[in-house]
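Here is a protein model to work through by question and answer. Start with the sequence and the fold.

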Amino acid sequence: MGYRINHIHLKSPDPKKTADWYVKAFDFEITSDETRVFGDRFLRCKSADGGVNVNISGARTNERMGKGDATPHYGLEHFGFDSTDLETDIRRLTGLGATLLEGPTQIPNGARIAFLQGPDDTRLELVQARKIAGGSDGGCC
């Protein structure tokens, strides 16, 4: 049996502000906004193409949160977004408050990539597929 990713969950000190950033940055749609039985504000979002659900919530009642980490690390390290124009997207996202961490970098025989620090110290990757005759070859890390 194949498994489909159900969702990605981000924690934020201000879930609505973070969700609004992803709406502006990547055309996410906020599909619900509620306070759960755990005491946390919980927003459900979906990507513009409907392919990925992203939940964004605050701390639960009496939950102590560690700091975010936009540097390379073990565990869930980053999530990536396709880009058709890396430089334009970098300018747009840094204009929204993201910080360029690395790149743009050309992967030999592959995509061009860049890493940014998003809200709440998330690590985001932009991936611009390499154009080849008859199609494209993309994907990275």
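**Strands and pockets**

Strand 2 (residues 29–35) and strand 3 (residues 41–46) run antiparallel and are joined by 6 bridges. This is a predicted model: local features need pLDDT of at least 70, side-chain atom pairs count only at pLDDT 80 or more, and totals for chains, interfaces and linings use all residues. Residues are numbered from 1 along each chain as its sequence is written, and side-chain values use heavy atoms, with hydrogens and water left out.

Q: Which residue of strand 3 stands opposite Ile30?
A: Strands are DSSP runs (E, at least two residues), helices are runs of H or I (at least four), and both are numbered from the N terminus. Two strands pair if DSSP finds at least two bridges between them. Strand 2 and strand 3 have 6 bridges. Opposite Ile30 stands Cys45.

Q: Which residue in the hairpin of strand 2 and strand 3 takes a positive phi?
A: This hairpin has 5 residues between the strands. The phi is near 95°, and the residue is Gly39.

Q: What is the volume of the largest pocket?
A: A pocket is an open set of points on a 1 Å grid over the protein atoms alone, where a 1.4 Å probe fits, with protein on both sides within 12 Å along at least five of seven lines; lining residues have an atom within 4 Å of a point. Points are joined across faces, edges and corners, and the volume is the space filled by probe spheres set on them. For the largest pocket it is about 490 Å³.

Q: Which strand gives the most to the lining of the largest pocket?
A: The lining has 23 residues, with Lys11, Gly68, Asp69, Asp120 and Thr122 nearest the centre. The top contributor gives 4 residues: strand 1 (residues 8–11).

Q: Which element gives the largest share of the lining of the second largest pocket?
A: This pocket holds about 410 Å³. Its lining has 16 residues, and Phe28, Ser47, Gly80, Phe81 and Asp82 are the closest to its centre. Two or more residues come from each of strand 5 (79–82) and helix 2 (86–95). The largest share, 4 residues, is from strand 5.
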